[in-house]
Amino acid sequence: MPKVTHPSPWRIEAGALIALALPMIAGNIAWSAIAATDLLLLGRIGAEAVAAGALAINLFHALLLFGMGLVTAASPLIASERGRRRHSVRDIRRTVHQTLRAALFFVLPAWALLWQCETILLAMGQDADLAREAGHLMHGLQWALLPFLGFTTLRNFIAALERPIWGLIVMLGAIPFNIAIGWALIFGHLGFPAFGLFGAGLASTLSSCFLFFGLLAVILVDRRFRRYRLMGRFWTRDRERQRQVWALGLPIAITLGFETTVFNASAFLMGLIDRDSLAAHAVAIQIAALVFMVPMGIGQAATIRVGIAYGRHDRAGIGRAGWLALMIGTGFACCAAALLILAPRTLVSTFLDLSNPANARTATLAVSFLAIAALFQLVDAAQAVGAGVLRGVQDTTVPMIFALIGYWVVGIGVGTLLAFPLGMEGLGIWLGLASGLGAVAVLLISRWTLRERLGLVPA
């Protein structure tokens, strides 16, 4: 009788992790594509529209990312509940309801703040005409905040159930919808008046509604989601679960805030050097951000896989899921680093015309920044996945403190010192970013390694 061989637990975990991560990575890239189409459409209006749009979108994204961090709490909470009871329904529904309610509580004051976009930009010293145009765009865009956070919550729900493909499908459908509705509302096609910048913002709001209601329709129709009855008893108060969402999600939101603002600050520091440095920084950051979508997706998948093992008190499973995610994430980072080292000018040429002499210095600077980006790929992947695995064991407060220390004390401190007193300019700022990411990575991985000694996992 032939001997039956069973796959090892490590191979099973690797298959589950990759199957979960791939749709999430593709979804992250699709989200970036939606954002890119907005800027492409604004570019057809003119350079001033792009500048005004960039001001409004940066302010909007600062609050959007904070809100996304808050609703990310749904992933580890649902995953751990599935680990405790595989077929749990009521507690998972409670988590989704209370996460959506937390998003609503956050959005109400955020809307009031975004309505004052023009005033805020003027207080920041921005050009009055650009601030006014940015305010027009924001009055259409700000309403996208609630449906997008609702979509993100539902996406976290289906991902925690290990069926993330529907989130990707809906996002892929939103790309042509966003292009079509933006084209119609901005330029006055299909019977609509030409709303200009306001139309661009309104198109983004309608696209966010497409995302939310599209995924909600899938959840209400698909029998494997329908049994959770997400629309039932939505307004029932649940103070304990609401507290859990905020306790877990608020530190994640603040962590994302630290990370986002440090990159915003680096752009401001580049602007103090010269325009070529700022332009080169923008190109290099765009390339690095696209590459980052992969470890970000692996980290999101790791939160769920670690969370499931955490819920069933499986210490070995927690370790397997976490270490495999870190190995896969850093393995990809090595490949990405090789690409940035071997083909930097090819990458830069997608954003700049290298045959134009006017772009020569910007291109040279961008290539030099990408060389440093290649060096920090490993630590960037390690900190992204490290944060994800710690979220899986519901550890978010200490990582938030690590982010403050790493990004703002080490990153900005070293970058400013190297760029200005030591005269390294843009290279110094990028070395500062690398050092900040490295500090966060070391702190997070050290905490993960000591998770049992620190009491982060069940006995």
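Mentor: We start with R82, which sits in helix α3. Helices here are DSSP runs of H or I with at least four residues, strands are runs of E with at least two, and both are numbered from the N terminus. This is a predicted model: local features need pLDDT of at least 70, side-chain atom pairs count only at pLDDT 80 or more, and totals for chains, interfaces and linings use all residues. Residues are numbered from 1 along each chain as its sequence is written, and side-chain values use heavy atoms, with hydrogens and water left out.

Trainee: Is R82 buried or exposed?
Mentor: Use the cut-offs: buried is under 20% relative accessible area, exposed is over 50%, and partly exposed is in between, with a 1.4 Å probe and protein chains only. R82 has a relative accessible area of 7%. So R82 is buried.

Trainee: Which residues does R82 touch, not counting residues up to four places away in sequence?
Mentor: Contact means heavy atoms within 4.5 Å. With residues up to four places away in sequence left out, R82 touches I92, A160, L161, E162 and I308.

Trainee: At what angle do α3 and α4 pack?
Mentor: Axes are lines fitted to C-alpha atoms, for helices over the stretch in contact, and angles run from 0 to 180 degrees between N-to-C directions. Helix α3 covers residues 74-84 and helix α4 covers residues 90-114. Their axes are 9 Å apart, and the angle is about 175 degrees.

Trainee: Are α3 and α4 roughly parallel or roughly antiparallel?
Mentor: Under 35 degrees counts as roughly parallel, over 145 as roughly antiparallel, 65 to 115 as roughly perpendicular and the rest as oblique. Therefore α3 and α4 are roughly antiparallel to each other.

Trainee: How do the residues of the contact of α3 with α4 divide?
Mentor: A74, L77, I78, E81 and R82 in α3 meet D91, I92, T95, V96 and T99 in α4. Ala, Val, Leu, Ile, Met, Phe, Trp, Tyr, Cys and Pro count as nonpolar, Asp, Glu, Lys and Arg as charged, and the others, Gly among them, as polar. The contact of α3 with α4 has 5 nonpolar, 2 polar and 3 charged residues.

Trainee: Where is E162, and what is its phi?
Mentor: Most residues other than glycine have a negative phi. E162 is in the loop between α7 and α8. E162 is partly exposed, at 24% relative accessible area. E162 is not a glycine, yet its phi is positive, about 65 degrees.

Trainee: What is the phi of Q394?
Mentor: Q394 lies in the loop between α16 (377-392) and α17 (397-419). At 29% relative accessibility, Q394 is partly exposed. Q394 is not a glycine either, and its phi is positive, about 60 degrees.

Trainee: At roughly what angle do the axes of α8 and α9 cross?
Mentor: Helix α8 spans residues 165-187 and helix α9 spans residues 197-221. Their axes come within 8 Å. The two are roughly antiparallel, and the axes cross at roughly 150 degrees.

Trainee: Is the crossing of α8 and α9 left-handed or right-handed?
Mentor: A crossing is left-handed if the near helix is turned anticlockwise from the far one by less than a right angle, and right-handed if clockwise. The contact includes W166 and F177 of α8 and F210 and V218 of α9. By class, it has 16 nonpolar, 8 polar and no charged residues. The crossing is right-handed.

Trainee: How many aromatic pairs does the structure hold?
Mentor: Rings of Phe, Tyr and Trp (its six-membered ring) pair if their centres lie within 6.5 Å. One cluster linked by ring pairs holds W31, F148 and F151. The number of aromatic pairs is 13.

Trainee: How are the planes of F157 and F225 arranged?
Mentor: Planes under 30 degrees apart count as stacked, over 60 as edge-to-face and the rest as tilted. The ring centres of F157 and F225 are 6.0 Å apart, with the planes at 55 degrees. Both residues are buried. The F157 and F225 pair is therefore tilted.

Trainee: What is the pair of W323 and W448?
Mentor: Their ring centres are 6.3 Å apart and the planes are at 70 degrees. W323 is partly exposed at 32% relative accessibility, while W448 is buried at 0%. So the W323 and W448 pair is edge-to-face.
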